[in-house]
Amino acid sequence: MKLSFTSFIGILAVTPTASAFTLTMGTGNSFGRVFRISTWGESHGGGVGVQLDGCPPRIPITRDEIQVDLDRRRPGQSRITTPRNEADAVEILSGLNPEDITLGTPIAMLVRNKDQRSGDYLENDMNVAYRPSHADATYDAKYGVRAIAGGGRSSARETIGRVAAGAVARKILKMYNGIEVLAYVSKVQDIACENVDDGTFTMEDVDANIVRCPDPESAERMLERIDEIRKTGNSIGGVVTCVARNVPAGLGAPVFDKLEADLAKACMSIPAAKGFESGDGFAGTLLSGKDHNDEFYIDQETGATRTKTNRSGGIQGGISNGENIVVHVAFKPTSTIAKAQSTVTRDGQEVELRGKGRHDPCVLPRAVPMVEAMVALTLVDALMCQQAQCELFPNEASQDERPNPMGTTAKREGGPKKNDLAAAGGGPIGLRVDEE
């Protein structure tokens with residue numbers, strides 16, 4: 001006998017084991033294991049927001065600190081972003097005491113929508129026709145109903161909750177180990193930025209121009225290309241690079257929860273994201289193993305194990321190695337454009353559609369804080385998982401029995417260990433490898 005899913009749910013509801021079957025907000029709206037967010041709200045609804053659970057207590061965080069990141073994400077910043085005029089003023093509803101200290105309880109944050117124009121969607125062909133390459137058609141195929149105005153949950157407005165929670169994550173990372181998470185626009189179409197040192201650029205460098213590229217000359221060429229495309233009613237895509245500095249070694253797991261896999265899911269969940277690279281990514285396929293491998297050395301000041309290069313992007317075997325984590329996220333051109341395109345209506349009629357409303361000609365400048373937020377959220381979650389599993393009990397072995405400290409912020413007590421092999425005149429170490 002076959003049962004429909006509805007019948008299955010009905011049977012569970014009346015059986016003694018029904019209490020073991022629960023539905024939570026985890027159905028595509030939540031992210032994280034220990035440090036966990038659930039976002040909610042539609043683009044043209046009353047507002048959007050987030051519930052952040054698992055935040056450690058006693059973290060000082062103010063509304064103004066959260067607002068800084070939201071201001072970098074908000075629309076209407078410049079001529080190359082959507083002109084929708086939203087202040088995106090955050091309201092913190094729970095989780096903090098009057099002194100702005102986290103309580104360890106869920107933090108709820110709300111941003112009210114103020115400048116939605118639903119008529120741009122409901123009073124023309126966009127009411128019934130699907131925008132090519134937009135989520136309109138797939139949302140309708142999945143749910144059988146959709147929020148037409150503003151794209152509902154598929155709108156980048158959903159990322160407000162992520163960025164708000166990401167600001168809290170940013171504060172935790174800074175307090176824990178001075179960890180910084182900074183992103184920038186590294187490519188617009190075929191125009192790549194040059195002369196950017198991933199170890200030293202600052203947020204001020206990134207925000208010095210409306211493209212959010214820390215290389216002024218490249219930023220000017222990018223801006224010219226965006227303006228050229230924008231004036232024709234078209235859109236353009238590119239790449240955002242994100243760097244996390246001072247991340248300790250040991251975050252991530254070796255199989256299904258590899259740190260780069262978690263980062264990939266986090267970044268690929270951002271609207272319009274279409275590609276992800278960790279370290280050298282696809283460019284690494286052009287190198288041999290000898291050229292691609294990051295050789296180790298001992299830092300003569302700290303005694304820590306370091307790598308001479310960072311083609312791995314700070315992650316090896318799915319686990320952070322203490323070097324800068326570097327990822328690249330590719331974003332497609334905005335799908336809603338003011339050019340005529342062939343499409344179909346909901347009832348299966350072929351039509352021509354020209355997009356209306358207010359949309360980004362290039363999502364990249366506003367995607368920068370979105371990528372930073374998702375990387376920060378992933379790192380805090382990985383950090384808390386590491387603390388729970390591997391640092392619950394201190395490693396009381398002697399220093400010589402523990403692995404040498406690893407990474408940019410690590411230090412070996414007493415400085416570098418004396419090189420006994422070199423003193424004995426030893427040559428290269430032979431290694432028999434028998435891996436599948």
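Let's start at a pocket: β13 (319–320) and α10 each put at least two residues into the lining of the second largest pocket. Keep in mind that you're looking at a predicted model. This pocket holds about 610 Å³ of space, and 28 residues line it. If you want to find its centre on screen, go to A249, P403, N404, P405 and M406, which lie nearest to it.

Helix α10 spans residues 364–390, and α5, residues 159–177, packs against it with the two axes 7 Å apart. The angle between them is about 50 degrees, which makes α5 oblique to α10. Seen as a crossing, this pair is left-handed. On the α5 side, the contact is made by T159, R162, V163, A165, G166, A169, R170, I172, L173 and Y176. Facing them from α10 are P369, M370, E372, A373, M374, A376, L377, L379, V380, L383 and Q387. Sort that contact by class and you get 15 nonpolar residues, with 3 polar and 3 charged ones.

Now bring in α2, which covers residues 63–73 and also packs on α10. Here the axes are 7 Å apart and the angle is about 140 degrees, so α2 counts as oblique to α10. From α2, the residues involved are D69, R72 and R73, and they meet R366, V368, P369, M370 and E372 of α10. The class breakdown for this contact is 3 nonpolar, no polar and 5 charged residues.

What about α2 and α5 themselves? Their axes come within 9 Å and cross at roughly 135 degrees, so these two helices are oblique to each other. The crossing of α2 past α5 is right-handed. On α2 you'll find E65, I66, D69, L70, R72 and R73 at the contact, and they meet T159, I160, V163, A164, A167, V168, R170 and K171 on α5. By class, that contact has 7 nonpolar residues, 1 polar and 6 charged.

Definitions and conventions
Residues are numbered from 1 along each chain as its sequence is written. This is a predicted model: local features need pLDDT of at least 70, side-chain atom pairs count only at pLDDT 80 or more; totals for chains, interfaces and linings use all residues. Side-chain values use heavy atoms; hydrogens and water are left out. Axes are lines fitted to C-alpha atoms, for helices over the stretch in contact, and angles run from 0 to 180 degrees between N-to-C directions. Helices (H or I, at least four residues) and strands (E, at least two) are DSSP runs, numbered from the N terminus. Angles under 35 degrees count as roughly parallel, over 145 as roughly antiparallel, 65 to 115 as roughly perpendicular and the rest as oblique. A crossing is left-handed if the near helix is turned anticlockwise from the far one by less than a right angle, and right-handed if clockwise. Contact means heavy atoms within 4.5 Å. Ala, Val, Leu, Ile, Met, Phe, Trp, Tyr, Cys and Pro count as nonpolar, Asp, Glu, Lys and Arg as charged, and the others, Gly among them, as polar. On a 1 Å grid over the protein atoms alone, a cavity is a set of points where a 1.4 Å probe fits but cannot get out, and a pocket is an open set with protein on both sides within 12 Å along at least five of seven lines; lining residues have an atom within 4 Å of a point. Grid points are joined across faces, edges and corners, and a volume is the space filled by probe spheres set on the points.
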